[in-house]
Amino acid sequence: MADLQEASVTLPSDPASVSAARKYVSNVLAEWGLAADTDVGDTIRLIVSELATNAVQHTRGESPTFTVGIELDREEQLRIGVTDSHPRYPKRLPAAVQQDNGRGLVIIRWLTMECGGRLSVTPTPEGGKTVWIELPWTAPVSGGAAAPSAWPSPR
């Protein structure tokens with residue numbers, strides 16, 4: 001087994017791409033040994049949905065695509081990142097503004113912490129950013145390495 005397995009997909013910044021991102025991550029994780037009907041699988045799908053939704057909604061058309069990258073490091077840490085080319089970092093909105101939106105990052109952070117992980121944002125060399133999560137990996141690992149990662153390592 002390789003010390004690092006990676007996969008990535010680039011999708012158009014379109015609302016329809018949110019479900020495509022979620023399905024892509026589910027399929028890759030299933031190939032790597034995470035059963036689809038687990039609580040952690042459901043949590044990861046929700047996190048990916050929120051990350052992809054943010055990449056589509058909050059780049060205001062300035063990022064024509066976004067990339068979802070997945071890394072499994074030494075069968076211990078799972079990293080999932082969503083990269084877009086918009087330079088503005090996500091920020092939490094004031095409570096009064098959060099009536100209809102603005103809770104995505106709060107949800108992502110809470111779910112990630114509940115799983116024993118962390119959330120971070122890193123700049124890309126091109127001037128965009130990657131919003132990524134890192135979680136402990138508890139499923140047995142199977143399958144081979146997928147396509148190389150297109151997003152920067154959070155380390």
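Helices and strands here are DSSP runs, numbered from the N terminus. On that basis, Lys 91 falls in the loop between β3 and α3. The model is a predicted one. The chain holds 3 helices and 5 strands. Their order from the N terminus is β-α-α-β-β-α-β-β.

**Chain overview**

- The chain has 155 residues, and 44% of them are buried.
- The accessible surface of the chain is about 7,900 Å². Carbon and sulfur atoms account for 53% of that surface.
- Take the contacts between residues at least 6 apart in sequence: 68% of these join residues at least 24 apart.

**Nonpolar core**

- In soluble globular proteins, nonpolar side chains tend to be buried together.
- The largest nonpolar core in this chain has 32 residues. Leu 29, Ile 44, Phe 66 and Ile 80 touch the most other members.
- Ile 44 has contacts with Val 25, Leu 29, Leu 34, Leu 78, Ile 80 and Leu 135, leaving aside neighbours within four places in sequence.

**Helix pair α1 and α2**

- Two packed helices are described by the angle between their axes and the distance between the axes.
- For α1 and α2, the angle is about 145° and the axes are 8 Å apart.
- The crossing of this pair is right-handed.
- On the α1 side, the contact is made by Val 18, Ala 21, Arg 22, Val 25, Ser 26 and Leu 29. On the α2 side, Ile 44, Arg 45, Val 48, Ser 49, Ala 52, Thr 53 and Val 56 take part.

**Helix pair α2 and α3**

- α2 and α3 pack with their axes 10 Å apart, at an angle of about 150°.
- Angles over 145 degrees count as roughly antiparallel, so α2 and α3 are roughly antiparallel to each other.
- The crossing of α2 and α3 is left-handed.
- From α2, the residues that meet α3 are Thr 43, Leu 46, Ile 47, Glu 50, Leu 51 and Asn 54. Their partners in α3 are Gly 104, Leu 105, Ile 107, Ile 108, Leu 111 and Thr 112.

- Leu 51 is in helix α2. Its relative accessible area is 3%, so Leu 51 counts as buried.
- Apart from neighbours within four places in sequence, Leu 51 is in contact with Ile 80, Val 82, Ile 108 and Val 131.
- Leu 51 and Gly 104 are 53 residues apart in sequence. Their C-alpha atoms are 7.7 Å apart in space.
- Gly 104 belongs to helix α3. Gly 104 is buried because its relative accessible area is 11%, and the cut-off for buried is under 20%.
- Setting aside neighbours within four places in sequence, Gly 104 contacts Glu 50 and Asn 54.
- Pro 90 is 14 residues from Gly 104 along the chain. The C-alpha atoms of these two are separated by 9.8 Å.

- Lys 91 has a relative accessible area of 58%. Exposed means over 50%, so Lys 91 is exposed.
- Lys 91 and Val 106 lie 15 residues apart in sequence. From C-alpha to C-alpha, they are 9.7 Å apart in space.
- Gly 127 sits in the loop between β4 (118-123) and β5.
- Gly 127 has 36% relative accessibility and therefore counts as partly exposed.
- Ser 85 and Gly 127 are 42 residues apart in sequence. Their C-alpha atoms are 6.5 Å apart in space.
- Not counting residues up to four places away in sequence, Gly 127 touches Ser 85, His 86 and Pro 87.

Methods: Residues are numbered from 1 along each chain as its sequence is written. This is a predicted model: local features need pLDDT of at least 70, side-chain atom pairs count only at pLDDT 80 or more; totals for chains, interfaces and linings use all residues. Side-chain values use heavy atoms; hydrogens and water are left out. A nonpolar core is a set of buried Ala, Val, Leu, Ile, Met, Phe, Trp, Tyr and Cys residues joined through side-chain atoms within 4.5 Å. Buried means under 20% relative accessible area, exposed over 50%, partly exposed in between (1.4 Å probe, protein chains only). Contact means heavy atoms within 4.5 Å. Helices (H or I, at least four residues) and strands (E, at least two) are DSSP runs, numbered from the N terminus. Accessible areas come from the Shrake-Rupley method with a 1.4 Å probe; for residues, only the protein chains shown count as cover. Axes are lines fitted to C-alpha atoms, for helices over the stretch in contact, and angles run from 0 to 180 degrees between N-to-C directions. Angles under 35 degrees count as roughly parallel, over 145 as roughly antiparallel, 65 to 115 as roughly perpendicular and the rest as oblique. A crossing is left-handed if the near helix is turned anticlockwise from the far one by less than a right angle, and right-handed if clockwise.
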